[in-house]
Amino acid sequence: MTPEAEGLLRALAPQVLGTVARRCGDFDAAEDAVQEALLAAARHWPRDGTPDSPRAWLVRAALRRVTDQVRSDRARRLREESAALREPAPAEVPGQDDSLALLFLCCHPSLTPPSAVALTLRAVGGLTTAEIARAFLVPEATTAQRVSRAKQRIRASGSPFRMPAPDERPQRLRSVLHVLYLMFNEGYTAASGPGLHRVDLADEAVRLARLLHRALPGDAEAAGLLALMLLTGARRAARTGPDGLPVPLAEQDRSLWDRAAVAEGTALLAAAIARGPVGAYQVQAAVAALHDRAPRAEDTDWPQIHALYGLLERLTGNPVVTLNRAVAAGMADGPAAGLAVLDGLGGRLAGHHRLDAVRAHLLEAAGDTGGAAAHYAAAAARATNLPEKRHLTLRAARLRDRA
């Protein structure tokens with residue numbers, strides 16, 4: 001199967017799953033049926049050609065498999081045949097996209113946040129269990145258990161497959177935003193694998209964020225998250241060189257940045273901040289906007305970025321934010337200031353490759369070539385994304401040659 005066809009299947013999977021889950025009322029059975037339909041497409045489409053309506057083909061194939069399962073399961077025959085008769089598979093598949101309803105269902109209030117995130121990334125984002133486990137630094141078996149238990153809880157809750165009522169939305173929205181944020185981040189910089197980006201995943205996160213913003217136009221953080229995705233994703237074309245290795249922000253060709261995405265993201269952010277109150281996604285979008293508005297790297301307003309990271313640190317308490325503040329402090333007030341921020345982290349990011357990478361960057365700026373090389377090498381040893389690993393290894397080697 002061609003990469004284009006694989007990308008099409010990945011993009012259609014959450015839409016098809018949403019439609020099938022809504023029609024059959026059984027999330028677990030729908031997911032199994034959709035996986036079988038995707039496998040059937042992978043077998044038949046290369047031989048027979050891609051159908052005129054790929055989504056309709058997949059929906060019908062999945063619904064047939066649900067029906068077959070209903071007929072073969074004698075213990076549940078009466079209940080499931082009754083459900084199937086209430087809403088039979090139509091001859092024409094409607095154009096309704098159920099991805100957003102599926103997203104909210106996966107963030108059901110009966111689920112713990114880790115389970116909701118894992119299930120959503122699996123069902124809506126299309127990540128494998130292994131990819132989710134790597135993203136959260138937990139064993140694969142733990143992630144599999146979270147997904148399985150989450151599906152069982154949703155089934156036990158009896159929740160209908162629909163968008164939550166207005167009074168139910170606030171309790172789910174925080175998880176929904178967090179899941180989309182994680183999905184975009186995994187697409188923008190993959191946790192592992194041969195490529196720096198997973199374009200399909202990042203684009204799907206943007207698509208879902210647009211749907212969410214359209215459904216909740218008055219929510220400032222939903223707008224802020226979409227703005228953050230657009231402002232960050234605008235740099236994608238410049239983030240890798242011809243060899244596929246990462247290009248640091250300061251070295252990127254800014255003429256390659258998507259100025260239409262920057263303009264859209266900036267407008268969204270301005271409108272969101274005007275509505276208030278300001279939340280974490282809006283602050284991150286404001287940082288991204290400052291980078292995007294600088295004509296050259298040396299024009300970047302690092303003192304303001306440092307201040308914004310300080311605000312974000314107070315809002316979230318996230319050690320990764322502190323790591324980013326260390327970079328901003330180093331750029332605004334000198335490498336010693338950045339290293340002091342790192343020293344204040346203690347052991348909260350021990351073993352994380354980006355902690356070593358940031359320390360190496362600051363040591364290099366301070367003129368400690370040997371120390372920087374050692375930390376670049378340590379970061380490379382811990383990195384699981386292959387382009388990042390090669391980039392860090394090369395930086396360590398170049399500094400050793402200069403020492």
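In this predicted model, 48% of the 403 residues of the chain count as buried. The accessible surface of the chain comes to about 18900 Å², and 54% of that area belongs to carbon and sulfur atoms. The radius of gyration of the chain is 23 Å, which agrees with the value near 22 Å that a compact globule of 403 residues would have. Along its principal axes, the C-alpha trace spans about 75 × 45 × 40 Å.

The secondary structure of the chain consists of 19 helices, with zero strands. When contacts between residues at least 6 apart in sequence are considered, 65% of them join residues that lie at least 24 apart.

Helix H10, formed by residues 199–215, contains 17 residues and reaches 24 Å from its first C-alpha to its last, which is close to the 24 Å expected at 1.5 Å a residue. Buried residues in H10 include Leu201, Ala202, Ala205, Val206, Leu208, Ala209, Leu211 and Leu212, and Glu204 and His213 are likewise buried. The cover over the buried residues of H10 includes helix H1 (3–24), helix H5 (99–106) and helix H9 (169–188), together with helix H11 (220–233) and helix H12 (259–275).

Helix H13, formed by residues 280–293, has 14 residues, and its reach of 20 Å from first C-alpha to last is close to the 20 Å expected at 1.5 Å a residue. Of these 14 residues, 13 are buried, so H13 is largely enclosed by the rest of the structure.

Val34 counts as buried because its relative accessibility is 4%, whereas the cut-off for a buried residue is under 20%. When residues up to four places away in sequence are not counted, Val34 touches Ala13, Val16, Leu17, Val20 and Ala62. A further pairing concerns Val34 and Val66, which are 32 residues apart in sequence and whose C-alpha atoms are 9.1 Å apart in space.

How values were computed: Residues are numbered from 1 along each chain as its sequence is written. This is a predicted model: local features need pLDDT of at least 70, side-chain atom pairs count only at pLDDT 80 or more; totals for chains, interfaces and linings use all residues. Side-chain values use heavy atoms; hydrogens and water are left out. Helices (H or I, at least four residues) and strands (E, at least two) are DSSP runs, numbered from the N terminus. The radius of gyration is taken over C-alpha atoms; the globule rule is 2.2 Å times the number of residues to the power 0.38. Buried means under 20% relative accessible area, exposed over 50%, partly exposed in between (1.4 Å probe, protein chains only). Contact means heavy atoms within 4.5 Å. Accessible areas come from the Shrake-Rupley method with a 1.4 Å probe; for residues, only the protein chains shown count as cover. The expected span of a helix is 1.5 Å times one less than its number of residues.
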